[in-house]
Number of protein chains: 2
Amino acid sequence: MITKEMTLDALFNPSSIAIIGATPDAKRIGGRPLAYLQKHDYQGSIYPINPNYDQIAGLKCYSGIAEVGETIELAVISLPRDLVLDEFKKCAENGVQSVIIFSAGFAEVDDEGRRIQEEMTAIAKKHNVRVLGPNCLGMFNVNKGVYATFSIIIGDQTPLKGKIGFVSQSGAFGSHVFTLAKQKQIGFSHFIATGNESDVDVADCIAYLAQDKSTKVIACYIEGAKDGNKLIHAFKLAADNNKPVVVLKVGTTNVGKQAALSHTGSLVGSDDVYNAIFEQFGVYRASTIEEFIGVAYACTELPIPKGDRVAVFTVSGGVGIMLADQLSEQSLSVLETPQVVQEKLKEILPIAGVKNPIDTTAQINSIPTLLEDFMDIVLSTGLYDSAIAFFSIHRIES
Amino acid sequence: MITKEMTLDALFNPSSIAIIGATPDAKRIGGRPLAYLQKHDYQGSIYPINPNYDQIAGLKCYSGIAEVGETIELAVISLPRDLVLDEFKKCAENGVQSVIIFSAGFAEVDDEGRRIQEEMTAIAKKHNVRVLGPNCLGMFNVNKGVYATFSIIIGDQTPLKGKIGFVSQSGAFGSHVFTLAKQKQIGFSHFIATGNESDVDVADCIAYLAQDKSTKVIACYIEGAKDGNKLIHAFKLAADNNKPVVVLKVGTTNVGKQAALSHTGSLVGSDDVYNAIFEQFGVYRASTIEEFIGVAYACTELPIPKGDRVAVFTVSGGVGIMLADQLSEQSLSVLETPQVVQEKLKEILPIAGVKNPIDTTAQINSIPTLLEDFMDIVLSTGLYDSAIAFFSIHRIES
């Protein structure tokens, strides 16, 4: 049986891509996907579609989708709004399996836009075409070199490979996160912006990533879900597949909910309901962008601790207290080190803080192995499920 | 009448400094203050004290404090613990007005250390000497070139001048904050680490900075206050002098309080009591190091808003919602823009979010003046007390 998620393979890992509205100018929206695909060695077939060219960037250019005469797994539509519906119909009629629509001006703008979007959704259901967008930045799949996006975040560089599958209901927000992560040398397996969600929504993407082998952690920016059950199903699938999910969920207050309604038309439910769902499925809810990126990245690199006992090592008593406060607020245990261990540490350094938090003090400047020795002694007890070490910075060379 | 705070001028802005335990080696603790003072053009008199030298770094070196024969406003003691008490006595007897003791091994270590510290405190009171430390990193006053510290955070560079007077109960924590701030090009007027607080405590420093002309904002890292009334008096003085105070107060949980007790022996009171005091005097309590630095810096550069109405401008609807949530959680008002203003903005860009948060959308890439125009129109209504503009980053050149 082919599950619904499996059919998204044509969208997120296509073996052939048509670009409707392709142009040779790599700076224009219709030109970028082709330039990215070629630059990053996409291994599938590429079909530029534009009646004004015979050839673009060394590839045969077709006047329309019907002319290609091959199975097309993914078509990208980059056209002025008024041309989108016709081309979308042709895609559906010619057996295209999935479509990404960059163009804006649909349900997010006015009633006429909403009507056209709904008509496309109906056509998509009838012909079994999966649609990402409209009004979306598209997606890319770093490992497969699939660049079905016009985003400028990629620029001239190849995005870093990573194990975070990232899906965002906001293209601009997703771009910001992508760029901050890149500054920290953190990459992604997939970047997906869902736009108006006329068909494929954030829940579909989570469910897909939950089954994707190149993805170890799912990060998602959510404003609101139209179908709560689908979202629950997706979180369950991720949990069943041992994929940690980290969310940044906005629209927690009435003011925020109102803003979300103006932004993507999301009807944002009760925050308590979201929190209950997150808790049920072990979904981590970040409250800042930095935390969102940091926790997602940590989950790709570190094993999930088996229990709640944390050993805290610092070179600054002050930070130790801060961390003790924060761990305690998160109901984690800052278990006191056993008396015998405290004595061992005191033998090495009488002025050290040895109870947990464990504080080497600034003596680490004179004894560079101090932190390592302390960690060895404390962690070899096997009493702790995880450790935090804090290194302060005291010098910047300019 | 000379207030208690005014007498701290000899400590924080001395016209003469003796360094007891001075050495020619600028890498050693006793050598650093002299090297820093000379490098940063301290304008007062410097008296190195060390019986082993006739001269250090071009200055006459004295065998003892009594030999100097001039009024000494500040003496820095950088000696092994067992020599400190004797030298401190000589300072008191020879009319030294204030003393900074770097040496550790006092109340923070054992009963004998506590006894010696208490003896020094008694001598200080009798002779009216103000003492910073012991077990402290010392202080510096950037504008006056006063470097009575052995901290390596200064390094080879001149610290940036700034308007934040910073006092920290932890030297390592203070150093970390100083260095993070420096990375952001943020400087300080004073940096003060209070160590064991045998005499001068965090409250004294706040009261001093509240009256210091070069300080516009007071930032303090607090673990606990031995004298609550003194702290309240200091906050009141800061408020009366229109100096915003930003605190990072740790030890909020029982685990954290226990850790604070091990760290500096601070008896940390109820967090609710602290919060009530902070609220009463308009003290801003930061919960992360980044927030601590950011808010303190913002207070030096921006006027304090007159009211709670905030206009939010973004290039990303997602961030707009996040900000709306956060403002709303802080009881600030994200007042909807008047209908007539909404229409004006829609005339410029029909797809913009115009209600507040105000979202230019990614169209800012095509219309670079969009954000400026939107801000002009909205803020000229005079309806808002402050504005937040968020610029996402989408490209990093490597």
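**View 1. Contact of helix 5 with helix 10 in chain B.** On one side of this contact stand Phe173(B), His176(B), Val177(B), Leu180(B) and Ala181(B) of helix 5 of chain B, and on the other Ile289(B), Glu290(B), Phe292(B) and Ile293(B) of helix 10 of chain B (contact means heavy atoms within 4.5 Å; helices, H or I of at least four residues, and strands, E of at least two, are DSSP runs numbered from the N terminus). By class these residues are seven nonpolar, one polar and one charged (Ala, Val, Leu, Ile, Met, Phe, Trp, Tyr, Cys and Pro count as nonpolar, Asp, Glu, Lys and Arg as charged, and the others, Gly among them, as polar). The model is predicted: local features need pLDDT of at least 70 and side-chain atom pairs pLDDT 80 or more, whereas totals for chains, interfaces and linings use all residues. Residues are numbered from 1 along each chain as its sequence is written, chains are lettered from A and ligands numbered from 1 in the order in which they are written, and side-chain values use heavy atoms, without hydrogens and water. The axes of helix 5 (residues 171-183) and helix 10 (residues 289-301) of chain B come within 10 Å and cross at roughly 60 degrees (axes are lines fitted to C-alpha atoms, for helices over the stretch in contact, and angles run from 0 to 180 degrees between N-to-C directions). Helix 5 and helix 10 of chain B are therefore oblique to each other (angles under 35 degrees count as roughly parallel, over 145 as roughly antiparallel, 65 to 115 as roughly perpendicular and the rest as oblique).

**View 2. Packing of helix 12 with helix 13 in chain B.** Helix 12 (residues 339-348) and helix 13 (residues 370-379) of chain B pack at about 160 degrees, with axes 10 Å apart; they are therefore roughly antiparallel. Val341(B), Lys344(B), Leu345(B) and Ile348(B) of helix 12 of chain B meet Leu370(B), Phe374(B), Ile377(B) and Val378(B) of helix 13 of chain B.

**View 3. A salt bridge in chain A.** The side chains of Arg130(A) and Asp199(A) form a salt bridge, 2.9 Å from N to O (a side-chain nitrogen of Lys or Arg within 4 Å of a carboxyl oxygen of Asp or Glu). Arg130(A) belongs to strand 7 of chain A and Asp199(A) to the loop between strand 11 and helix 6 of chain A, so the pair ties together parts 69 residues apart in sequence.

**View 4. Two cis peptide bonds in chain B.** The bond from Gly133(B) to Pro134(B) is cis, with omega near -5 degrees. Another cis bond joins Asn356(B) and Pro357(B), with omega about 5 degrees.
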